[in-house]
Amino acid sequence: MVENQRWLDVLAHLTLILGVAVVALPVYLAFVASTHDPSAFVSGLIPLLPGDAMGETYAAVLEGGVKSQMSVPILLMLKNSLIVALLIAFGKIVISILSAYAIVYFRFPFRQLAFWMIFITLMLPVEVRIVPTFKVVADLGLLNSYAGLSVPLIASATATFLFRQVFLTIPDELMEAARIDGAGPFRFFRDVLLPLSRTNIAALFVILFIYGWNQYLWPILVTTDEGFTTIVAGIKRMADVVDSEPLWNYIMATAVLAMMPPVLVVIAMQRLFVKGLVETEK
Amino acid sequence: MRAFATNKMQTKRTIFRNRWLPYLLLAPQLAVTLVFFLWPAGQAVWQSFLREDAFGLKTTFVGLANYTRLFDSPEYLNALRVTLVFSVSTAALALLSALLLALALDRTIRTTRLYTTLLVWPYAVAPAVAGVLWWFMFNPTIGILPYLLEGLGYDWNHALNKGDAMALVIIAASWKQISYNFLFFVAGLQSIPASLREAAAIDGAGPVKRFFTITLPLLSPTTFFLLVVTVVYTMFDTFPVIDATTGGGPAQGTTILVYKVYDDGFIGLNLGSSAAQSVILMGIVIVLTVIQFRYVERRVTY
Amino acid sequence: MAAITIENLGKTYAGGATAVTGIDLDIRDGEFVVLVGPSGCGKSTLLRMIAGLEEITEGTVRIGGREVNRLEPAERDIAMVFQNYALYPHMTVRQNLSYGLKNRRMARAEITRRVDEAARILEIGQYLDRRPRALSGGQRQRVAMGRAIVREPAAFLFDEPLSNLDAKLRVTMRGEIRALQRRLGTTSVYVTHDQLEAMTMADRLVVLRGGRIEQVGTPLDVYRNPVSTFVAQFIGSPSMNLLPGVIDGGTLRLGGARFAGTGAAGPVTVGIRAEDLTIARPDAEGAMAAQLLTVEELGSQRLGYFDIAGERVVAAFPAGQVLRTDMALTVSPARLHLFDTSGCRIAA
C-alpha cells in the first residue's frame, strides 16, 4: 500500500462485504425459500430464515410427479443438462483443437478461407439466427435429441483461437525434434501437443461447461418433448403457472439445483477458471 | 482471441506436408459452421427480402420492404429504445460496481483470495436462473424488496409498471455480469506498476486524485474492452433474463431487439420481419466485433 | 556411419528469396564438419535441408550414398541437437531419450539398454526420472545429446547447440562433444556463428557467406590461407588487419614501407595477422611507423592498437612487452596476405 490510511482500508472492507452480501442475497433467499413448505408463502412476506422442510422439498422436485406439478423429475433434467453441457464442452474442445492444429501446423489451399469461416461464427450468436437455425435442425430431424441440443452450438471461434495461441507459443523445434524422432502428425498431436495443452484444455473446459449448462433459448426451441428439457430451460416452464400462485419452494429448490453444478465447478477450480476466462479474451 | 488480429496467418517454420489431413481436421468445425451458422445466416438474409401471406401458402419477393416496414413500426422503434436504455444502464451499473469492488479488493492483502471467491461465482449462474432469483425477490406479493419499498412509500409492481420492469431486468442482468467485469478490473489493476502510484503519492497526490490521474487512465483499455463485452452481453445474452422475469412486458416495456426477433419469429410467425431483424442484429454484432478488434491494435501501442 | 554428399544444393523460397545456392560439399564418414558464418549466411538452412526440415528446391543430398531429398527427417537416419534443446517438457529424461526409439518400434529391452548406455556415457543416470524443467542448462544439453546418441544414427546434426550456455560451460561442452564424437565416430555437421567454436571443434570448416560456400578447409588451413578478406576477418581473433597497399614494379608499398612484392601492378588489400607484426628498428627495411593508441591486457598477451598511415592496426605481443607511443612495426613478407580489390586472395 502506498500509505496507511485506516479509513480507506475500512471503507474497502465495507465495500467488499456489502458487495458479497448483495451478490449472495438472492441465492440465500432462494435457498431459504426452498426449505419451507408452501404454507410459509401465504403470509405475505418470504421467510428470511431456513425452515425445516428442506428434505421433503428437494426429494419432491428431484422425483417429480403430481405434488411438484412437474411431469418431469428434476433428476432427469439434471441428467439432461449434464449430458448437454458435457457434449458441448467436449465437442467444442475437440473440433477447435483439431482446427487449430490444422491451421497452425499445415499449409494448404483455402487455409485463409477456412480461417475466416471460423472467425465469422463470432459474429453470428445463436440469438440472431434463431429461426433459420431452428429450421435446419428440424429438417435434419434433430428436434428433441441430445445432438440437436448440442451440435449446433459446438462451432467455436474463441476456442479455436485460444488453441491457436497456445500452439504458436510452443517452440518450433519441438515439432522438428518429434519429426526426427519419427513422429508423424498423429503421434505429434497425441504425444506432444495434447499433453502440453492440458491446462488450457482444463481451463477452457470449465468455461465451456458453464456455457453449455447455462443454455436457455436453444433448449427451449428444440425440445418439445419434456424428456429432453434441461434444468435451466425447465425452470421457466415451472414458474409459468397461469392461474395459481407459483409453488415457490419447488421453484427455488430447482433454481438452487440448477446453479449448483456450475457454481461448484467455478469455486473448486477458481484458478483454472480465471485463467481460462482471461486467456480466451487475449 | 483478440491477439489474432495482429498476426493473422502465422504458422510454424516447418509444417507437416500431409495433403488431405488438414482438411480432415477442419472438417467437423467447418461442417458445423456451414450447416448451423453460415447456411442459416444466409437463409435469414434471403428471408428478409421475402414475405409470406397470412396462411403461409405464398411467398413473394418484396425487396427491402421488410426493413422499411420495421423502421416505420412503432414497436420496432420502441424495441430499439428499450435496448438502448437497457444496455446503457446495465453496462453502467455492471461496470461501476465491478470497478468499485475491484478498487476495494486492490487495497486488501490477506483477504484478497477469499473476497475473490465470494464475488466471482455469479458468473456461473445461468442468466435464466439469475432472472428467476430476482423475479422472486421483487415479487409484488411476497418479495422482500417490494416489502421494503412499501415501507418507503413506493408501490412496486413490475407486472404493471414499465419503469419497475426495466429496473428489474437491469438489476438482474447486472448482478450476473459484475463478477466477469470484476475479474478483468482486478487483473487490470494488478498490471499497473505500484511504482507509478508510489511516485504519485510522493508527489503529494491523495488517494482520490491518484485514482483520477493515474489509475483510471491506465485502466482505460480494460474499461473500454469491458464496455464492448458488456454491451454485447446485454444485447445478445440477456434474452433468458428477460424471458424469465418480465417476458418482455409490460406492454413491451422490456422487449429488447433479441426478444423481439424471437417473439415475431416463433410466437408471431412473422418470418420476413423476424429475418430482417436478425440481419440488423448481425450488422450490430459485426460492428461491435470490428470495434473490439480495432481496439486491440490500439491496446498494443498503448 | 555414413558420408554425406551434397551436390549443387539450393533453396529458393516461394517468394523468390534465395537462402542457399550452389552448395557442393563432401563430408567424409566420421568427419566433424563445422558450418560457420555470420547470421543470415544460410548455415542453419543448409543444416535443416540435410535434416529434412527444410525443403530442397535444387540439387541433391545423399546420406550414406542414398539420396534423401524426398525422405522425411525420420527416414534419413540422422539425429539433431537443437539450440534450445527442444526436449519434450512433459516427459521425463528417460521418456525423452526413448521416444524416438519407441516410435521405431524397437524392443523394450533394447531401448532400456541404449538409454542406460547413453546415460552412463553422458553421466546423466541420476536424472533419468526428472523432467527437463528440473535440470540445469548443461544437463539439458547432455540430455539433448543423449537423445541423439541412443538412436545410433548415420549422422549427428548440431544447430548452435551451445549458444544458450554460459561462456565457461560452453568451453567444457565443446570438448565433451568432440570427445564423444571421436569415440562414437559418427559423421557430424555442426552449425555455429562463433568462429572460436568452429576453429576448436572442426575437422574441416565450411565458411558460408550470403548462401554460398566461401571456403572449405581444415581450421589451420583456413586460418593461414583465407581465400578472401571476408574469411580473413571472420576467422581468427583478433580479426586480421586489412591495409591498403600498392604493388608497383615488383614492390609492395604499404604503410610507408616497401616489401618485395609479386603479382600484377595495382592497388591491393594487404592482410596481416596480429601475431605476425613484430617490433622493428625505425630505420630497418620494411619498418612501418606506428603510433600506439591503446593497449589491451589479456594476461597471456598484450594487444597493442596502433595507427599506421591512418589505418587502425592491432598487434599481439607476449605479456610484459614494453610498448611506446612511437614505434616501428614490421612483418615478414611471407606472412603477408594479398587480396585484390574485390577481396579475393592473390595467389602468391
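Across the interface of domain 1 and domain 2 of chain A, 3 residue pairs are in polar contact, both partners at pLDDT 80 or more. A polar contact here is a pair of N or O atoms within 3.5 Å; within protein, one must be able to donate a hydrogen and the other to accept it, and residues adjacent in sequence count only if both atoms are side-chain atoms. Salt bridges across that interface come to 0, with the rule asking for a side-chain nitrogen of Lys or Arg within 4 Å of a carboxyl oxygen of Asp or Glu.

This is a predicted model, where local features need pLDDT of at least 70, side-chain atom pairs count only at pLDDT 80 or more, and totals for chains, interfaces and linings use all residues. Residues are numbered from 1 along each chain as its sequence is written, chains are lettered from A and ligands numbered from 1 in the order in which they are written, and side-chain values use heavy atoms, leaving out hydrogens and water.

So who's touching whom? Domain 1 of chain A covers 6–63 and domain 2 covers 74–280, with bounds from an automatic or database domain assignment. The contact (heavy atoms within 4.5 Å) takes 14 residues from domain 1 of chain A and 13 residues from domain 2 of chain A.

Together, the two domains of chain A bury about 1,100 Å², 82% of it on carbon and sulfur atoms; that's accessible area (1.4 Å probe) lost on being put together, summed over both. A:Tyr58, A:Val61 and A:Leu62 supply 45% of what domain 1 of chain A buries against domain 2 of chain A.
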